[in-house]
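Colleague: Could you walk me through this model, one question at a time?

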Number of protein chains: 2
Amino acid sequence: MEKAEVSTEEEVPIGAGSAELRMWVRLLACAKIGEKQLRRRFEDEFDTTLPRFDVLAALYRAPEGLRMSALSRALLVSNGNVTVVVRQLLERGFVKSKINPADGRSAIVSLTPTGKRRFVELAEAHHRWISELFSEVPVADKDTLVSKLGNLRTIMNGPRG
Amino acid sequence: MEKAEVSTEEEVPIGAGSAELRMWVRLLACAKIGEKQLRRRFEDEFDTTLPRFDVLAALYRAPEGLRMSALSRALLVSNGNVTVVVRQLLERGFVKSKINPADGRSAIVSLTPTGKRRFVELAEAHHRWISELFSEVPVADKDTLVSKLGNLRTIMNGPRG
DNA sequence: TTCCTTTGCTTTAAGCTTAAAGTAAAGGAA
DNA sequence: TTCCTTTACTTTAAGCTTAAAGCAAAGGAA
């Protein structure tokens with residue numbers, strides 16, 4: 001075969017000229033490339049993962065602890081996923097969990113002293129990797145991207161978010 | 001309840017003032033929000049997944065077919081992953097695979113006529129969802145982001161990519 | 001030919017992720 | 001009290017993803 005006419009309107013990659021589509025494809029590519037690097041480095045240098053780091057980071061910013069559902073919302077992942085990742089951190093002694101005295105259904109998760117030290121260690125490396133990854137980006141571009149991506153996120157978080 | 005919200009950044013954690021870090025956090029948040037929406041819609045409306053769509057898209061742009069390793073490179077995923085997703089599409093009759101006559105180790109994967117029609121259908125919906133998702137973004141911002149994200153991707157794909 | 005190395009792909013083990021179903025506490029209403 | 005609904009979380013089934021190990025063809029070298 002090899003021929004098999006396409007017949008359906010557009011011959012060339014559908015929607016190739018759309019600014020929205022090109023913006024999305026590029027955004028996604030950047031995110032994937034960066035995530036891939038960070039994943040590999042967390043694995044190689046610290047034997048941990050990005051999701052675990054994300055949980056530690058959220059808890060570091062909340063010294064009083066967070067409920068599971070707050071973690072889920074903050075990290076944009078499902079409840080079930082938080083359960084899994086928090087359990088791994090519990091097993092490693094980086095977080096602790098206690099029943100919410102005000103509501104027997106919910107737990108309050110927070111960092112242990114070991115977990116705090118661990119996060120500081122990971123965060124320094126993380127920051128270093130990010131700086132390195134973007135070291136060749138012109139300062140003006142970084143500022144533009146910080147600003148425009150901030151607006152974009154706000155819009156994407158909107159009603160149809 | 002209702003309290004316990006976490007601002008996803010600038011709470012004064014480590015490296016809070018860094019433009020690189022803020023850029024990265026925002027980029028990642030946008031990508032996650034968008035992916036979540038697309039995943040749900042592909043599932044709800046077409047009973048398929050984003051990775052399958054990505055493979056169809058790559059093959060649609062290569063009428064002569066692609067080798068597994070070319071797919072892997074194009075989609076930024078591992079070889080093993082391509083094996084899995086291509087198998088699912090084979091089972092559904094959307095792609096076909098033949099041994100590369102020039103090299104008995106490699107296969108050439110390409111769309112079937114059914115697969116072409118399927119992709120056109122999915123791509124139209126995909127384009128519609130993206131347009132909708134970004135409909136409130138000012139045109140100037142879209143253009144800026146297309147441009148700056150293009151540069152960013154080039155840099156990230158660089159030597160330490 | 002026989003060996004060795006490289007290359008292309010598949011399989012496997014482990015971990016991430018989600019939606020949906022399940023469990024259980026909370027908070028009322030009757 | 002008993003029942004009902006909501007809320008918080010966990011479990012499960014299914015699928016994505018990777019790195020590493022494995023297999024087999026290709027392409028030489030001896």
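Colleague: Is B:D47 buried or exposed?

Modeller: A word on conventions: residues are numbered from 1 along each chain as its sequence is written, while chains are lettered from A and ligands numbered from 1 in the order in which they are written. This is a predicted model, where local features need pLDDT of at least 70, side-chain atom pairs count only at pLDDT 80 or more, and totals for chains, interfaces and linings use all residues. A residue is buried if 20 or more other C-beta atoms lie within 10 Å of its own, exposed if 12 or fewer, and partly exposed in between, with C-beta atoms placed from the backbone. B:D47 has 7 other C-beta atoms within 10 Å, so B:D47 is exposed.

Colleague: Where does B:D47 lie, and what is its phi?

Modeller: Helices (H or I, at least four residues) and strands (E, at least two) are DSSP runs, numbered from the N terminus. On that numbering, B:D47 sits in the loop between helix 1 (19–46) and helix 2 (50–60) of chain B. Most residues other than glycine have a negative phi. B:D47 is not a glycine, yet its phi is positive, at about 50°.

Colleague: What about A:L76: how exposed is this residue?

Modeller: A:L76 belongs to the loop between helix 3 (68–75) and helix 4 (79–91) of chain A. Its phi is also a positive value in a residue other than glycine, near 60°. Because A:L76 has 16 C-beta neighbours inside 10 Å, the class is partly exposed.

Colleague: In which pattern do the elements of chain A follow one another?

Modeller: Chain A has six helices and three strands. Of its 161 residues, 34% are buried. Along the sequence the pattern reads α-α-β-α-α-β-β-α-α.

Colleague: Which strands of chain A stand at the edges of the sheet?

Modeller: Two strands pair if DSSP finds at least two bridges between them. The three strands of chain A form an open antiparallel sheet in the order 1-3-2. Each edge strand has a single partner strand, so one side of each is left without a neighbour in the sheet: these are strand 1 (66–67) and strand 2 (95–99) of chain A.

Colleague: Which residue is the bridge partner of A:S97?

Modeller: Strand 2 of chain A runs antiparallel to strand 3 (residues 107–111) of chain A, and five bridges join them. Within strand 3 of chain A, the partner of A:S97 is A:V109.

Colleague: Which helix gives the most to the side of chain B that touches chain A?

Modeller: Two residues are in contact if their C-beta atoms, placed from the backbone, lie within 7 Å. The contact takes 54 residues from chain B and 58 residues from chain A. On the side of chain B, helix 1, helix 5 (113–133) and helix 6 (139–156) each supply at least two residues. The top contributor, with 15 residues, is helix 1 of chain B.

Colleague: Why can one say that the copies meet through the same surface?

Modeller: Copies are superposed by least squares on the C-alpha atoms of residues with pLDDT of at least 70 in both. Chain B can be laid on chain A with an RMSD of 0.0 Å, by a turn of 180° and a shift of 0.0 Å along the axis. The two copies are thus related as by a two-fold rotation axis. They meet through the same surface because the share of interface residues of chain B that are also interface residues in chain A is 94%.

Colleague: Which element gives the most to the surface near DNA strand D?

Modeller: A residue is near a strand if its C-beta atom, placed from the backbone, lies within 6 Å of it. DNA strand D is surrounded by 23 residues, the closest being A:S69, A:G80, A:S106, B:G80 and B:G104. With four residues, the most comes from helix 4 of chain B.

Colleague: And which element has the largest share of the surface near DNA strand C?

Modeller: Around DNA strand C there are 22 residues, and the closest are A:G80, A:G104, B:S69, B:G80 and B:S106. The largest share, four residues, comes from helix 4 of chain A.
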